[in-house]
Amino acid sequence: MGQTHMSELSRRRRLLVLAVCCASVIVVVMDISIVNVALPSIRRDLHASVSGLQWTVDAYTLVLAGFLVLAGSTADRVGRRRIFQVGLAAFGFGSLLCGLAPSLAWLIAARVLQAVGGTMLNPVAMAIVATTFPNPTERARAIGVFGSMTGLSLALGPILGGALVDGFGWHSIFWINVPIVAAAIICTALFVPESRATRARRFDPVGQTLVILVLGSIVFAIIESRRLGWTSPVILGLLAAAALGLLSIFGYELRRVDPLLELRLFRSVPFSSAILMALFALCGFGAFLFVTTQYLQDVRDLSALETGLCLLPVGALVVVLSPLTGRLVGTRGPRLPLLVAGGALTLGGGASLWLGPATPLPAVLATYLLFGIFLSTVNPPITNTAVSGMPRSMAGVATSLASAGRQTGTALGVAISGTIVGSALPSSGTAFISAEHGVWWMVLGLGLGIVVLGLLSTGRWALDTAAGAAALFEEVNRGVDPQTASIGRQ
């Protein structure tokens with residue numbers, strides 16, 4: 001049933017399906033960045049601590065990172081449209097509860113519900129797009145449009161968020177999701193055909209538990225380390241649990257036929273590099289958003305809307321450059337865009353070290369242009385590198401793990417940057433500027449890491465390792481039609 005009647009859909013209906021899927025990715029990804037502009041207002045209104053603000057962002061990204069792969073395989077098994085509708089409903093209800101939140105604990109719990117819904121949207125929407133467009137050329141174009149929504153949503157979130165916070169209060173950044181989700185649920189029922197994978201991956205409860213244990217322990221330890229101290233029994237226990245969980249993942253997942261984490265993919269240097277680059281990239285951008293929105297509002301006394309408008313250069317560049325980057329990756333490969341992205345992040349981190357309370361606004365905006373260039377050029381080559389040389393049957397698993405790497409990076413970026421600047425909030429001026437220098441040095445280092453990995457992952461030796469990993473999977477999957485497996489897993 002993986003491809004039933006897909007080729008019979010009219011072009012208009014296929015484009016409607018693509019529009020519904022794009023709407024879902026916009027609200028889910030925008031909620032990662034839109035909330036950053038509202039953090040100063042949430043802190044004042046709900047009397048939140050810095051760790052509370054970190055959890056407001058990271059409760060969302062952690063759940064997205066931990067359950068992305070599970071949601072995709074579950075949809076393959078029980079029906080993509082069904083899981084997509086459940087995800088929309090959960091995301092919409094979570095958004096409604098966020099908008100009604102009377103306390104920080106309520107808000108964080110509602111963010112978790114939002115994210116549970118969100119995990120059922122992005123990977124499932126990608127699979128729906130892949131099965132709706134059976135023609136390879138049309139499918140590549142549709143996936144390109146769908147993929148570009150991620151960068152656009154991250155960049156435009158602060159602008160829309162600033163307008164909503166100033167005009168209607170921070171609750172409105174969550175309420176706006178409700179009518180969009182309601183419309184998407186109706187359109188899904190009307191236009192999106194049901195589909196399943198020919199061969200769905202089996203549920204892996206042990207692997208899923210271990211992934212949540214490792215991610216949750218690391219992020220919790222980083223966020224709470226400022227309050228408890230790195231040598232406290234709680235923090236040391238969490239780090240030990242994360243280390244044991246990681247060792248258990250290697251021991252258990254390698255023995256499973258259908259593991260949650262396909263560790264054999266990591267024999268491919270391009271794939272391993274893509275996961276690391278995804279983590280580095282979004283760690284850097286997550287830190288940038290978390291620190292910048294508070295620098296602009298607390299240090300420079302700008303309104304939420306003015307803060308959003310200051311981030312307009314980032315959004316504008318994503319709109320203009322992302323499609324060009326996709327085409328460049330298609331014609332010349334991922335190396336040049338990766339080097340540009342890593343270089344721009346490195347320069348952005350270095351230039352941010354010079355920003356102070358009285359830095360002229362044009363200089364501030366010029367610095368943010370560097371982050372816009374970075375975000376515009378980093379996502380298409382990472383996705384391309386992740387699937388480089390892989391058999392089509394593993395494309396969906398590879399891209400979903402790259403997405404999980406992005407969400408993990410965002411969570412770590414917020415956790416680490418919040419811990420670095422935490423002692424300086426909610427103060428303003430020199431204390432905050434001095435504290436945030438540690439964040440910018442980290443961002444600079446992450447940019448250099450992307451440059452090195454971009455060079456490493458696109459060389460001849462790296463491509464040979466990808467070919468070796470692909471040959472391994474071809475042996476494992478012998479007897480399974482690669483085309484149908486690909487459509488099922490994407």
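A: Let us begin with contact, which means heavy atoms within 4.5 Å. This is a predicted model, in which local features need pLDDT of at least 70 and side-chain atom pairs count only at pLDDT 80 or more, while totals for chains, interfaces and linings use all residues. Residues are numbered from 1 along each chain as its sequence is written, and side-chain values use heavy atoms, with hydrogens and water left out.

Q: Which residues is phenylalanine 374 in contact with, leaving aside its neighbours within four places in sequence?

A: Phenylalanine 374 touches Ala281, Phe285, Ala341, Ala344, Leu345 and Ile450, once those sequence neighbours are set aside.

Q: Which members of the largest nonpolar core touch the most other members?

A: A nonpolar core is a set of buried Ala, Val, Leu, Ile, Met, Phe, Trp, Tyr and Cys residues joined through side-chain atoms within 4.5 Å. Buried means under 20% relative accessible area, exposed over 50%, and partly exposed in between (1.4 Å probe, protein chains only). In the largest core, which has 132 residues, Tyr368 and Phe374 touch the most other members. Helix α1 (residues 11–46) gives the most to this core, with 18 residues; helices are DSSP runs of H or I with at least four residues, numbered from the N terminus.

Q: How many aromatic pairs does a search of the whole structure find?

A: Rings of Phe, Tyr and Trp (its six-membered ring) pair if their centres lie within 6.5 Å; planes under 30 degrees apart count as stacked, over 60 as edge-to-face and the rest as tilted. The search finds 8 aromatic pairs. One of them joins phenylalanine 288 and tyrosine 368 edge-to-face, at 5.5 Å centre to centre with 75° between the planes. Phenylalanine 288 lies in helix α11 (residues 269–299) and tyrosine 368 in helix α15 (residues 361–386), so this pair ties together parts that are 80 residues apart in sequence.

Q: Where is the other partner, tryptophan 440, of phenylalanine 288?

A: Tryptophan 440 belongs to helix α17 (residues 430–457), 152 residues apart from phenylalanine 288. Their pair is tilted, at 6.4 Å centre to centre with 55° between the planes. Phenylalanine 288 is buried, at 0% relative accessible area, and tryptophan 440 is buried at 2%. Ring pairs link Phe285, Phe288, Tyr368, Phe371 and Trp440 into a cluster.

Q: Where is the kink in α17 centred?

A: The bend at a residue is the angle between axes fitted to the seven residues ending there and the seven starting there. In α17, a kink of about 25° is centred on histidine 437.

Conventions: Helix = DSSP H or I, 4+ residues; strand = E, 2+ residues; numbered from the N terminus.
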